[in-house]
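Hi,

Here is the structure I promised to pass on. Have a look at it first, and my notes follow below.

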Amino acid sequence: MKPKWIIAGILISIIVHISIMMALGKIQLNLSFTDFIDTYIFESKKESEKHKIIPNTEQLKNLDKKENNNEKVSENVKPENFTKNTEESSQTEFSQENEKIQSEIKNNPFNRFINESMKFDIYWMGIYVGSAIVSVKGDSSEVTITSMVKSASFISNFYYVNDHAESKIEYGKPKHFKLVQVEGKYRGNKETIFDYNQKEIIFINHLKNNTTYHKGIDKVFMDVLSGFFYLRTLPISLKEPVSVDIFDSNKFTTVQVQPIKEEKIELSNKKEIDAIVIKPLLDTEGLFKRKGDIIIWLSKDDSKIPLKIETKVPVGRVTAELKEYKKE
């Protein structure tokens, strides 16, 4: 046998042996010529095999149809279209929320009282004992009503009174109410949070250091201050009583307001005004620590301005008479 064939046989045997060992994972080669063979021989072979697969006419039609469908789907999910749809959805939600707010502002019954202020002189059995100032500030979305009652200097030596109440109303619904009372030996410091979005009312008695949570509230309750102003927005006649739902001093109640009569009332300036007399059947403390009924004279017009208020106290009666009214 010729030497060249012997050498060729040996080389083939070595290559086959090495290939078997590599396939079994026994050895690994990192020679540069193996990379060359892998890249330029085996990859070229793969490419040539790909080109050997020639689709028929039906396959080409199906392939074109699939590509067209993919293009349509791709058009529908383009980033710019997705952004446009998201923006349109956001604009729709914003528009709906804005319409809701505008409707609440338009139907807010407390807007008519903004910039209203009233000053009352308070008498006990005909003796001047103090004054009360009630004012309303705010805008179309939130209204704040404040009431301050103070005893006169001379009376303060015997029976000191310093009451402060504040009611915040948002879009026609109570939001926060705070009442601080100093009446003789009595002290009170109470706070109410109305969260109608969560259907919850929270009552806090700061002096007793306790908090009560009322959940599942399914209708609007007023505090005693906002409730009185809300009463002024209702039609009142002698024909039938009206009612207002009140939350006061950790108690839910429906206050029945009974119209009693119509009469002319004479103010301190000798001016007579037509009034309707009402009697709220309030079974909670209200703005005063009292022990009896309340009688209220309201002007017989759309404003329903409180002209006089009488309430029973442990000894005698206290009367508040309107001395000054302003509406800017």
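Glu142 touches Lys137, Lys168, Ile169, Glu170 and Lys175, leaving out residues up to four places away in sequence. Please keep in mind that this is a predicted model. With Lys175 there is a polar contact, side chain to side chain, at 3.3 Å. Glu142 is part of strand β3, which covers residues 142–151.

Next, the helix I would look at is α6, residues 224–231. Seven of its eight residues are buried, so α6 is largely enclosed by the rest of the structure. The buried ones are Val224, Leu225, Ser226, Gly227, Phe228, Phe229 and Leu231. What caps the N-terminal end of α6? That is Asp223, which has a side-chain oxygen 3.0 Å from the backbone nitrogen of Leu225.

In soluble globular proteins, nonpolar side chains tend to be buried together. Once neighbours within four places in sequence are set aside, Leu231 is in contact with Ile236, Val242, Val244, Val257, Ile278 and Lys304.

There is also something nonpolar on the outside. Phe154, Phe158 and Tyr159 form a surface patch with about 410 Å² of accessible area together. Phe158 sits in the loop that runs between α5 (153–156) and β4 (162–170). Phe158 has a relative accessible area of 65%, and it is therefore exposed.

For the whole chain, a few totals that may be handy:

- The secondary structure comes to six helices and 14 strands.
- Out of 328 residues, 33% count as buried.
- The accessible surface is about 21,700 Å², and carbon and sulfur atoms account for 55% of that.
- Taking contacts between residues at least 6 apart in sequence, 42% join residues at least 24 apart.

Best wishes

Notes: Residues numbered from 1 in each chain as written. Predicted model: local features only at pLDDT ≥ 70, side-chain atom pairs only at ≥ 80, totals over all residues. Heavy atoms only, no water. Contact = heavy atoms within 4.5 Å. Patch = residues over 30% accessible without salt bridge, like charges linked within 9 Å, V, L, I, M, F, W, Y side chains within 5 Å. Areas by Shrake-Rupley, 256 points an atom, 1.4 Å probe, with all protein chains shown as cover. Salt bridge = Lys/Arg side-chain N within 4 Å of Asp/Glu carboxyl O. Helix = DSSP H or I, 4+ residues; strand = E, 2+ residues; numbered from the N terminus. Buried < 20%, exposed > 50% of the residue type's maximum accessible area, 1.4 Å probe, protein only. Polar contact = N/O pair within 3.5 Å; in protein donor to acceptor, adjacent residues only side chain to side chain.
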